[in-house]
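Subject: Structure handover

Hello,

Here is the structure we talked about, handed over for your use. My notes on it follow below.

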Amino acid sequence: MDLLHNPEFLSRAQFGFIALFHILWPPLTIGLALILFGLEAAWVKTGKVVYYHQARFWTKIFLINFGVGVISGLPMEFSFGTNWGPFSIASGDFFGNILGFETAMAFMLEAGFLGIMLFGWKRVSAGMHLFATGMVAFGSTLSAFWIMVANSWMQTPSGVEMQNGKLAITSYFDAIFNPDLAHGFGHMFMACLEISLVVTAGVSAYYLLNNRHRDFFLPAFKWSVLSLVLVAPLQILIGDSAGAALAQTQPAKLAAIESLWHTNKPGEGAPWAILAAPNPAAQKNDWEITVPDVTSLIVTHSLNGTVQGLTDFKPADQPPVLIPFYGFRVMVAAGGFIAFMALTTLWLLWRRRERMQPASVGQNKWLLRGWMLAIPAAYIAIEAGWLVREVGRQPWIVYGMMRTAQGVSKISVAVLQWSLLSFVVFYSAIGIAALVFMRGVLRKGPVFEDPPHQPARHADIVTQPVVVGGGH
Amino acid sequence: MDVIALDSTHHLLATIWFLIIGLFMVIYVVLDGFDLGVGVLSLFVGDEPRRAAMMSSLGSIWDANETWLVVIGGTLFGAFPLVYGTVLHGLYIPVIVMLLGFMLRGVSFEFHELSTNKPIWSFTFGLGSLIAALAQGFTLGGLLNGVQVVNGVYAGGTMDWLSPFSVFVAIGVVAGYAMLGSTYLIMKSRGMMQDACFARGQWLALTMMVAAAVVTVWTPLQFPAIFARWLSVPNVYYFALLPLAALFSLVMLLRALKNRSEVAPFVWTTLIFLFSFAGLAATWFPYIIPGYITIDQAAASNNTLVFMLVGIGMLIPVMITYNIYQYVVFRGKVDPDNTHTY
């Protein structure tokens, strides 16, 4: 195949593969870190050991994901230099600066307290441990913020101008708070919360379905679902407003998402295609199933608002259509399914209370299976969302300012084939290994050990001497 | 006049960032150096409990140590984008191999903890460490060899990083890391494990020093400009101080090993690294890509350098403080019978 001898395609495939693999892991750890902080804070505040056990159990899931997330992200940073040298040189003033912030402010903070969070239970006080967990949660969220600043800027570059082949900064404020940042970061952060809550709900459902540790997992199931009742619909709202903003900032991407070739005439609405076979060569859909006016309604919130079609752009400036079009539909369907599950479960919790007790909850087989299914759905949504976002940005590496073809390093095809193959083989192996170990953690289930010490603020009401397990 | 003022500001800012990234590199090389070194040494240990204890001595800190490399990557990208975009391209193969090595050892830590088949994961941990350390040596060797840059674009070949010279640099880096690893384990262990480290330290120190001496002699022979720079009066007196200080540290290191001091060997090894690093930096300054690009040519705009200085510069003491705190929390010896779990 010709593509496998095309250096630009190989570098894109390599970065795309690394990114799609990497994004499977950190969203869960970002969301779980906040959940763990909440559980640990509840333990410190109330002294109830159940919160401690919850925190320890979910930490195991956190840990596997954190390890794979950190190591799979390492090559992403270096990829900009190895494969995208001209882009790095041109955009270093801003893009490199932001990655520098991310590593020094956020990533280091997270790494600096991670050891204490994971291994420090017997070495520091409960309050100090809570602080370390908080710093890991704060660091990972801040990290996501800076990464999204950099990524949003590639989507809607502002505050810079092209001078002698370099993107020189005219305003840091405009470049950081670029038009896409609020939507981009908001949507990503919500995805982190949502995926984490779906995993806690789905894993709890797995135990409830198997009648294991029902008293432990029913509360976890409940707080996960109740949080999702807020988070899942909110995510849909943010996604909707992001779509409306896209019409202003990246109209070609929006047109690709809807496979809309022609701008609607004044007074008519743009139709919405449920399914379509886009044909870029002919600049039309070979066939489509459409609903009238709905694209106008979604994008402009009016039945005949103008939505730009792809033919407004030269074919050389049009993104590929197939992946954004179907990727978007898959993401929406998966997100809708999660919101549906949350609202249905809320209804059951309210109207069928007697069936949602520890003794009886396992009988809701379809509901619990649905929640287990929500886990892959959440991951599919996040992958599809990234494909839409990044493929839709093409053929630009910095939207409207620098083409992807201008940003790529000239590396020999043989070397690129070798490195792409290495990453595919290596990531597949660690992905499978991580899943096997995850299954091991789930089979083993929670361990109900006593905390190493009581939370500090309750130390004075403990009457029996605290057993210290002798440092090691 | 204006142009000169602007240039001197730019030079000052570029120099500050050169020093900051140099500081990060020293921190990184010492911390991840002992970390990788312990991994390399674990390949030569026969029994699993001892390998597990060696891994456990790093469990709580390896991630933070390695993060300094990520910080170097990020700050280099921001402050010297030209270096980032050309050197990593020129050294593509050793850099990718290094990343694969890091990833292999990174997952090994975790999977070792969770798996029932521990020997496999302690082996991949050692192998990944060795691969990463060797690849780092070749990266450094390749950089010193010369990364050919013409008009801001890498203009060399795919295999430029590989040469007899870079082989020596790679051997020196691996031996140096193993030395750091040994002296770290002397602090963190007792009994038989510690005895082995004392015994091994002698010849590791000599290997490291021979490799460093070869590199030091070879560099001026390879680059006439450096030959002239080093051996002109009065430069020769200043430059001679660094190898003399390194040699003195080596003597003190060997003595400390013989006296079975626990902390001193690590300190002296660190000093050897410090003097070698200062020697490299002083030899090439103001070049940042030896022979091709100076720090002024590679540095980002003044705006960016200032913005980064405000954002990152002030954080440096904070970063160092919480990293030290982490070491304080996990101070003390590793007990092979009671490795910590989460």
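**An arginine in a loop, and its patch**

A:R355 sits in the loop of chain A that runs between α11 (322-351) and α12 (365-391). Please keep in mind that this is a predicted model. A:R355 counts as partly exposed because its relative accessibility is 32%. Together with A:R351, A:R352 and A:R353, A:R355 forms a positive surface patch.

**Salt bridges**

In chain A, the side chain of A:D286 meets that of A:K284 in a salt bridge, at 3.6 Å from N to O. Both ends are partly exposed: A:D286 has a relative accessibility of 46%, and A:K284 has 39%.

In chain B, B:D47 and B:R50 form a salt bridge whose closest N and O atoms are 3.3 Å apart. B:D47 is partly exposed at 31% relative accessibility. B:R50 is also partly exposed, and its relative accessible area is 24%.

A further salt bridge in chain B joins the side chains of B:K333 and B:E262, with 3.0 Å from N to O. This pair links distant parts of the chain, as its two residues are 71 residues apart. B:K333 belongs to the segment after α14 (316-329) of chain B, whereas B:E262 is in the loop between α10 (235-258) and α11 (264-284) of chain B. B:E262 counts as partly exposed, since its relative accessibility is 34%.

Back in chain A, A:D180, A:R389, A:E390 and A:R393 are joined into one network by salt bridges that share partners.

**A hairpin in chain A**

Strands β1 (residues 160-163) and β2 (residues 166-169) of chain A pair in the antiparallel sense, over four bridges. Within this pairing, A:V160 stands opposite A:I169 of β2(A). The two strands, β1(A) and β2(A), form a hairpin with two residues between them. In the turn, A:N164 has a positive phi of about 50 degrees.

**Cis peptide bonds**

Which residues are joined by a cis peptide bond in chain A? They are A:Q394 and A:P395, with omega at about 0 degrees. A:P395 is in the loop between α12 and β5 (396-398) of chain A.

Chain B has a cis peptide bond between B:F285 and B:P286, where omega is about 5 degrees. B:P286 is placed in the loop between α11 and β3 (287-289) of chain B.

A:S259, which is not a glycine, has a positive phi near 50 degrees. A:S259 lies in the loop between α9 (251-258) and β3 (272-279) of chain A. Is A:S259 buried or exposed? A:S259 counts as buried because its relative accessibility is 3%.

A:Q283 is not a glycine either, and its phi is positive at about 60 degrees. The loop that holds A:Q283 runs between β3 and β4 (284-291) of chain A. With a relative accessible area of 17%, A:Q283 is buried, as the cut-off for buried is under 20%.

Regards

Notes:
Residues numbered from 1 in each chain as written. Chains lettered and ligands numbered in written order. Predicted model: local features only at pLDDT ≥ 70, side-chain atom pairs only at ≥ 80, totals over all residues. Heavy atoms only, no water. Patch = residues over 30% accessible without salt bridge, like charges linked within 9 Å, V, L, I, M, F, W, Y side chains within 5 Å. Areas by Shrake-Rupley, 256 points an atom, 1.4 Å probe, with all protein chains shown as cover. Salt bridge = Lys/Arg side-chain N within 4 Å of Asp/Glu carboxyl O. Lys, Arg positive; Asp, Glu negative; His and termini not counted. Charge placed at Lys NZ, Arg CZ, Asp CG, Glu CD. Buried < 20%, exposed > 50% of the residue type's maximum accessible area, 1.4 Å probe, protein only. Pairing = 2+ DSSP bridges.
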